Amino acid sequence: MHLNLLFAVDDKFAEHMLVTLFSIFRNSPTINTYDVYVLQDQPLQQAAHLKSTLVRWHMTYHPVLVDDAVFNDAPVSDRYPKSIYYRLLASELLPQDLDKILYLDADILVINDLTPLYQVDLTGQLYAAAMHTDFLNLTGTLNQFRLDTTTPHYFNSGVLLINLARARQQVHPQEIFDVIRAHKNVLILPDQDVLNKLYAKDTQPVADVLYNYDVRKDLVYQTTSQGKWSLDWVIAHTVCLHFCGTKKPWQATTTDKYALLYKHYQHQLAQQLAD
C-alpha cells in the first residue's frame with residue numbers, strides 16, 4: 001500500500017516532523033511506500049538530511065515551495081501569516097495528479113497503523129477530521145455561535161484527510177480570503193475556524209479517541225467513556241496522539257506519561273540516525 005503525507009514546517013519544526021514520520025514507519029506495517037510533501041516558504045536547510053533519512057523508511061521527500069502568487073489577494077499580517085492557508089489550499093499547491101493526501105501537524109505521534117484512517121471513504125466529502133471530545137459538545141455549540149454556522153461540529157485541523165480531486169472543484173482561494181476579512185475579529189485559530197465555517201458540512205467525522213487524541217484531555221476521555229479508554233486501551237487502539245497547545249513533548253520540562261512515550265521515540269530515532 002502507498003500513502004501520501006503532507007506537512008507544513010520550517011527548519012525549527014523539521015526535527016519534530018521526523019519523529020512523527022519515524023513513528024508512522026514503526027507502526028504502519030501494511031504501508032510499503034510513502035510520498036512526503038512538505039510545504040515551505042523557502043528551501044529547508046535540513047533538506048539533504050531529511051531526504052537521506054526518509055529513504056531509510058521507504059519515503060520520498062518532496063519539497064513544495066509555495067508560490068506567492070497564490071496569495072496576492074490574501075489578507076496577510078503578523079496574525080495571519082501565509083502559512084495559515086497552506087492546508088486549506090493544498091489542492092492549489094500540490095501536484096495536480098494527486099487525488100488524496102493526509103495532512104498531519106508535526107506535534108503528532110503515531111502509535112498504531114495509519115492505514116484505516118487513510119482508507120476512510122471520502123466519496124462526496126472534502127475532508128475527514130475529528131472533533132475533540134468534551135462534555136455536552138460545548139465546544140461545538142460555542143463555535144457554532146461564534147462562527148455563525150448551522151452545524152454543531154467543530155473539527156480539529158491537525159489531522160486532515162483531504163480529497164484533493166474534490167477540493168480542486170470546491171475550494172476557492174478567494175472565498176477563504178473573503179471569510180477571513182469578514183470575520184477577522186472573531187477568528188481564534190484562523191485556518192481551523194475557516195475550515196469549520198466553510199467546509200464542516202463537507203467533512204466526514206472520525207473518532208478523535210482513535211485519530212486525534214488530545215493528550216491534554218486524558219481525564220475527559222476516561223470520564224466520557226466511564227473508564228473504557230484507559231491507558232492500556234489507548235496504547236492498543238489509538239493511532240494519533242496529538243500534543244495540542246503550548247506544552248510540547250520535546251520540551252525538557254514536559255514529563256507526563258505521553259511525553260515520556262514521545263521521548264522514547266525521539267531517543268530511538270536518534271539511535272537509528274547515529275548508526
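These legends describe close-up views of one predicted model.

Residues are numbered from 1 along each chain as its sequence is written, and side-chain values use heavy atoms, with hydrogens and water left out. Because the model is predicted, local features need pLDDT of at least 70 and side-chain atom pairs count only at pLDDT 80 or more, while totals for chains, interfaces and linings use all residues.

**View 1. The largest pocket and its lining.**
The largest pocket holds about 1,300 Å³ of space. Its lining has 46 residues, and R87, Y103, D105, S157 and D191 are the closest to the centre. The lining divides into 19 nonpolar, 15 polar and 12 charged residues. At least two lining residues come from each of β1 (2-8), α1 (11-27), β2 (33-40), β4 (100-104), α5 (138-147), β7 (155-163) and α8 (190-199). A pocket is an open set of points on a 1 Å grid over the protein atoms alone, where a 1.4 Å probe fits, with protein on both sides within 12 Å along at least five of seven lines; lining residues have an atom within 4 Å of a point. Grid points are joined across faces, edges and corners, and the volume is the space filled by probe spheres set on the points. Ala, Val, Leu, Ile, Met, Phe, Trp, Tyr, Cys and Pro count as nonpolar, Asp, Glu, Lys and Arg as charged, and the others, Gly among them, as polar. Helices (H or I, at least four residues) and strands (E, at least two) are DSSP runs, numbered from the N terminus.

**View 2. Strand β7 and its partners.**
β7 is mostly covered, with 9 of its 9 residues buried. Buried means under 20% relative accessible area, exposed over 50%, and partly exposed in between (1.4 Å probe, protein chains only). β4 pairs with β7 in the antiparallel sense over 5 bridges. Here L102 stands opposite L161 of β7. Strand β6 (residues 127-131) also runs antiparallel to β7, joined by 4 bridges. A130 has N156 in β7 as its bridge partner. Two strands pair if DSSP finds at least two bridges between them.

**View 3. The three-stranded open sheet.**
In this sheet, 3 strands follow the order β5-β10-β9, with mixed pairing. β5 and β9 (213-214) stand at the edges with a single partner strand each, so one side of each has no neighbour in the sheet. β5 and β10 pair in the antiparallel sense over 3 bridges. V110 stands opposite C240 in β10.

**View 4. Cysteines C240 and C244.**
The whole structure contains 0 disulfides. A disulfide would be a pair of cysteine sulfur atoms within 2.5 Å. For C240, the closest cysteine sulfur is that of C244, 11 Å away and therefore too far for a bond. C240 is buried at 0% relative accessibility. C244 is also buried, at 8%.

**View 5. The D68 and K82 salt bridge.**
The structure holds 8 salt bridges. In each, a side-chain nitrogen of Lys or Arg lies within 4 Å of a carboxyl oxygen of Asp or Glu. The side chains of D68 and K82 meet at 2.4 Å, N to O. Both residues lie in the loop between β3 (59-65) and α3 (90-93), so the pair ties together parts 14 residues apart in sequence. D68 is partly exposed, with a relative accessible area of 46%. D41, D68 and K82 are linked in a network of salt bridges.

**View 6. The K248 and D107 salt bridge.**
K248 and D107 meet through their side chains at 2.5 Å, N to O. This pair links distant parts of the chain, 141 residues apart: K248 is in the loop between β10 (240-242) and α12 (257-274), and D107 is in the loop between β4 and β5 (108-110). K248 is buried, with a relative accessible area of 12%. D107 is buried at 8%.

**View 7. The D214 and R216 salt bridge.**
D214 forms a salt bridge with R216, with the closest N and O atoms 2.8 Å apart. D214 is buried, at 0% relative accessible area. R216 is exposed, at 55%.

**View 8. Two exposed loop residues.**
N185 lies in the loop between α7 (173-182) and α8. N185 is exposed, with a relative accessible area of 74%. Q45 lies in the loop between β2 and α2 (47-56). Q45 counts as exposed at 76% relative accessibility.
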